Amino acid sequence: MRRVSRRGLRVGVSVAAALFLAACVTVRGRPAEGPLDAVQAYLQAWAGGDLATMERMVAEPPPHFAAQHQRFRDDLRIVTSRFELGRVEHEAESAVVTFRALHVLRGLGEWEVNSALHLVRREGRWWVRWTPAVLHPEAREGDRFSRTRTRLERAAILDGDGVPLTRQGEVITIGVEPRRIQNRAAVASALQAQLGVDPARLEKVLNAPSVSPEHFVPIIDVRLERYQQVRPALAPVPGIFFRRKSARLTPAGGFAAHTLGRVGDVTAELLTQLGPLYQPGDIVGLSGLELAYEPQLAGSPSGEVRLTRPSGEVRVLGRFEGTPGTPLHTTLRPEVQSAAEAALEGVTQPAALVAVDTGTGAILAVASRPLEQPLNRALTGRYPPGSTFKVITAEALLTGGMRPNSPASCPAVATVGGKSFRNFEGEEFGNTRLRVAFAHSCNTAFVLLAAGLAPDALGAAARRFGFDVEYYPGLPSPGASFPAPRDETEKAAAAIGQGRVLATPLHMASVAAAAESGRWRAPYLLAELEDGPRASLAAGTRTPLLALMRAVVTEGSGKAAAGVAGLAGKTGTAEFGSGTPLPTHAWFIGFRNGIGFAVLVEGGGVGGRVAVPIAAKFAAGL
């Protein structure tokens, strides 16, 4: 007998892998001969799920050979199998080749089995002598494989003080049973009136091919308190029914909804992305932090691979030790988040409100509307910042030697490079001061003053406020960009936050925070991301900038918020799109008592009229 040790040789499922193996398997430096060829081909067919080829290589295959292999695969939910050759022992007419099988079990992970193939040589060819022990050394005829699986409780998302923002609770699923509906219009009217369900959506659900008339069809999930409010109106309508179920709850309905995200049944797309530790029916994060940090929050499942004898005896062949999820520590503060949610209450247009700690950059609140749209405008929406960018332009002017009382001209029209720039509603203040031009958001004054700045002065100021700086706050957010102006006209437009300048509401909140603290810090949503990029404003600019922003509220375009003590900021009315006149976004960025924030109302119109009242409501609610 001769014995050859071969370790670490893997059999893959592709033709390329097979060719690689054929080239690499050797015995004592010579081309592979004898039983290794048969073992290699057999394991390659096994890895590829080619049961017919496997059966043709078996000497006297048992009845239902393919069915036994398929049952082994199905019962254990094997996704892929790969193999590593081990020791070869052979004589003239028989051989034994050990191998290691690495089976990936859907929803559990990789299960390792050390087994062997016994071969016999007949008529010049090597054949596999198959028994159930090929699948596992302990397997015998008539045995069945099975598995168990348990997922541990999902970890919580925590606020800035380490208090859970999410918990397991109950919700009520409101739905319909099609055969019990007497009047579709009545059902649609009731659901729309009580819960805002679009009648077209109800029709689409009811007309779906998979709907069975006698089965409950879910429409919307609501919290218990909301269910108690609407039940008296919905329960009498024939066809409407209610079911309780466990759900992941936040402090209140809609609370930081886009940021925290939601959980639900895993989708086919997510199964592909999340990998083999997940299986259909799992509850996973579908959006926001719940999705972005799914593996951390969910942990890994526990389970066993079992072998059951015909006698009923059960043997455990392998164990998967699950790991609990790890809580995710955010920087959100519930009282600030609640104030943000309250400030946007009643706003019917798309809107966002973000707040950050001016001293650290920690994100304290993120609110985006409408709730039913998946876009998190606060973090991912990029818009021209309009006149809120004048905070940065003012810092550049202050760096160049100007002061709040320095002279400034505010005509009704200013022409730069052949393009005319105008003020809102034709305002003009003539020969005035920088303080007045800033407080009343005079476009023409800033266009003319910016023309006197050094070529890169505006870009340098933008970088001090984090423009064109990459950072990751904990969820995707593209930050802000300030493309270098190509001519004087672009420079003039950039000075008032138009042209090609773009920023997220989150970033503009960080701009407001930098104005109060004198130092820009990359905003972050997770405690672990605290050490992000940062930059100091130019020396000597913080105090005059504070005075300019306070004047906006006390005497200028933001005076609708003058009743909020200590509030300072800058309004913005940013043109976009096409038409005459151009539509505008309404902005306000500001700070108060260590909290910097930004308010955006998409297509909302005038910042001083639309965004400022929201900002005042938010600041007063802190």
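**Entry 1: helix 14 and its end**

I looked up the residue just after helix 14 and found that glycine 401 takes a positive phi of about 115°. I note that the model is predicted, that local features need pLDDT of at least 70, that side-chain atom pairs count only at pLDDT 80 or more, and that totals for chains, interfaces and linings use all residues. Residues are numbered from 1 along each chain as its sequence is written, and side-chain values use heavy atoms, with hydrogens and water left out. Helices (H or I, at least four residues) and strands (E, at least two) are DSSP runs numbered from the N terminus.

I then checked the cover of helix 14, residues 390-399, and found nine of its 10 residues buried. Buried means under 20% relative accessible area, exposed over 50%, and partly exposed in between, with a 1.4 Å probe and protein chains only. Among the buried residues of helix 14 are Lys390, Val391, Ile392 and Glu395.

**Entry 2: the cores**

I looked up the largest nonpolar core, which has 81 residues. Such a core is a set of buried Ala, Val, Leu, Ile, Met, Phe, Trp, Tyr and Cys residues joined through side-chain atoms within 4.5 Å. Leu289, Val391, Phe465, Phe467 and Leu545 have the most contacts inside this core. Helix 19 (residues 505-517) gives the largest share of the core, eight residues. Apart from this core lies another, of 40 residues, which includes Tyr42, Phe99, Phe145 and Val305.

I followed phenylalanine 465 and listed its contacts (heavy atoms within 4.5 Å). Not counting residues up to four places away in sequence, phenylalanine 465 touches, among others, Val391, Ile392 and Glu395, as well as His507, Val511 and Leu545.

I traced an open sheet of three strands in the order 8-15-16, with antiparallel pairing. Two strands pair if DSSP finds at least two bridges between them. Strand 8 (144-150) and strand 16 (314-320) are the edge strands, each pairing on one side only. Neighbouring strands of this sheet are turned by 20° against each other on average, direction ignored. Axes here are lines fitted to C-alpha atoms, for helices over the stretch in contact, and angles run from 0 to 180 degrees between N-to-C directions.

I found seven bridges joining strand 8 to strand 15, residues 302-308. Arginine 149 stands opposite glycine 303 in strand 15. Helix 4 (residues 65-76) lies across strand 8 and strand 15, at about 10° to strand 8.

**Entry 3: aromatic rings**

I recorded 15 aromatic pairs in the structure. Rings of Phe, Tyr and Trp (its six-membered ring) pair if their centres lie within 6.5 Å; planes under 30 degrees apart count as stacked, over 60 as edge-to-face and the rest as tilted. Phenylalanine 72 and phenylalanine 145 form an edge-to-face pair, at 4.9 Å centre to centre and 75° between the planes. Phenylalanine 72 lies in helix 4 and phenylalanine 145 in strand 8, so this pair ties together parts 73 residues apart in sequence. Both phenylalanine 72 and phenylalanine 145 are buried.
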